[in-house]
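Biologist: Before I use any labels for this model, I would like to hear what each one rests on.
Modeller: Then let us take them in turn.

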Amino acid sequence: DAMAPPDDYDPGATESAFTYVYGRGGSYASVNPDTGHVAGSSRRRLGTSDRDYTVFTVNWLAGAKVGPGETYVNRGYVFASELGAVESIGDELVENVYVDKIQEVDYDGRRIDLYTSGGNFVAVPSSYAKGRSTECASSSASLACSGSSVPRPNAAALFYVTCGERTHVGFDPYGLAPDFEGDFPGHAPPGGTVRAYACRDGDASSRP
């Protein structure tokens with residue numbers, strides 16, 4: 001038999017919620033021709049699949065086109081809170097959802113240099129916007145490589161990943177994840193699974 005909840009039961013304070021904040025869609029010209037500055041429209045997908053995770057995707061549709069050197073940006077939010085706080089937190093975040101298409105000429109970042117000394121390293125950005133020089137505090141460190149804070153032609157992203165006491169700096173974001181019999185940026189072979197959320201040598205609760 002079902003039991004009635006206690007008289008002081010308040011689900012807003014006792015129950016938890018996990019919330020997605022998508023925005024209002026006003027940035028898309030197909031939704032709002034007067035103010036939308038990005039062509040096309042978006043589609044959100046939530047649910048399960050045959051993959052080893054819950055699907056959450058944002059698809060850009062209906063006239064969407066990204067040309068060479070362009071970047072599509074869609075910033076949303078997810079948060080966990082008490083059930084009763086969902087509306088107040090979500091209303092505040094929805095104003096910060098950001099959708100845009102950035103041209104290559106809009107990027108003008110600062111230089112970032114990677115210095116090494118023995119088994120240690122440090123990434124040093126230029127001290128000012130659009131800066132083209134850096135200075136390492138250690139006189140014994142040597143310059144290993146140089147990059148930029150924004151994408152640029154013929155350059156690849158460099159990832160910094162930690163798993164417990166292990167550190168990986170390189171072009172492979174799965175460098176410390178369990179082997180999936182493939183190589184980034186390729187996918188796992190049939191029957192394989194990329195578990196990027198797990199550490200290769202850690203226990204089940206270890207996370208990169």
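**Labels and their grounds**

Modeller: In the protein chain, 43% of the contacts with a separation of 6 or more join residues 24 or more positions apart. The model is a predicted one. The protein chain holds two helices and 11 strands, in the order α-β-β-β-β-β-α-β-β-β-β-β-β from the N terminus.

Biologist: How much of the protein chain is buried?
Modeller: Of the 208 residues, 20% are buried. The accessible surface is about 14500 Å², and carbon and sulfur atoms account for 50% of that surface.

Biologist: Why is Ser 81 called buried?
Modeller: The relative accessible area of Ser 81 is 14%, and buried means under 20%, so Ser 81 qualifies. Ser 81 is in strand E5. Beyond residues up to four places away in sequence, Ser 81 touches Glu 15, Ser 16, Ala 17, Val 86 and Ile 89.

Biologist: What puts the buried residues of helix H2 on the same side?
Modeller: The buried residues in H2, which spans residues 86-94, are Gly 90, Leu 93 and Val 94. Around the axis they cover an arc of only 100°, and therefore they lie on the same side of H2. In general, an α-helix has 3.6 residues a turn, so residues three or four places apart point the same way. The buried residues of H2 pack against strand E1 (16-21) and strand E5 (77-82).

Biologist: Which residues form the largest nonpolar core?
Modeller: That core has five residues, namely Val 21, Phe 79, Leu 93, Val 94 and Val 97. Leaving aside neighbours within four places in sequence, Phe 79 has contacts that include Val 21 and Leu 93. Gly 90, Ile 89 and Phe 18 are also among the residues in contact with Phe 79.

Biologist: What makes Leu 46 partly exposed?
Modeller: Leu 46 has a relative accessible area of 47%. Buried requires under 20% and exposed over 50%, with partly exposed in between, so 47% makes Leu 46 partly exposed. Leu 46 is in strand E2 (residues 41-47). Together with Phe 18, Phe 56, Val 58 and Val 78, Leu 46 makes a nonpolar surface patch of about 440 Å².

Biologist: How do you know that Arg 111 and Asp 113 form a salt bridge?
Modeller: Their closest N and O atoms are 2.7 Å apart. The cut-off is within 4 Å, so the pair passes. The count by this rule is one salt bridge.

Biologist: Are the two partners buried or partly exposed?
Modeller: Arg 111 is partly exposed at 28% relative accessibility, whereas Asp 113 is buried at 2%. Arg 111 and Asp 113 are both in contact with Gly 147, a residue of strand E9 (residues 142-148).

Biologist: How far apart are Gly 147 and Gly 109 in sequence and in space?
Modeller: They are 38 residues apart in sequence and 9.9 Å apart in space, C-alpha to C-alpha. Arg 110, Ile 112 and Arg 152 are also among the contacts of Gly 147.

Biologist: Why is Glu 181 called exposed?
Modeller: Its relative accessibility is 66% and exposed means over 50%, so Glu 181 is exposed. Glu 181 is in the segment after strand E11 (166-170).

Key:
Residues numbered from 1 in each chain as written. Predicted model: local features only at pLDDT ≥ 70, side-chain atom pairs only at ≥ 80, totals over all residues. Heavy atoms only, no water. Buried < 20%, exposed > 50% of the residue type's maximum accessible area, 1.4 Å probe, protein only. Helix = DSSP H or I, 4+ residues; strand = E, 2+ residues; numbered from the N terminus. Arc of directions from axis to C-beta. Contact = heavy atoms within 4.5 Å. Core = buried A, V, L, I, M, F, W, Y, C linked by side-chain atoms within 4.5 Å. Areas by Shrake-Rupley, 256 points an atom, 1.4 Å probe, with all protein chains shown as cover. Patch = residues over 30% accessible without salt bridge, like charges linked within 9 Å, V, L, I, M, F, W, Y side chains within 5 Å. Salt bridge = Lys/Arg side-chain N within 4 Å of Asp/Glu carboxyl O.
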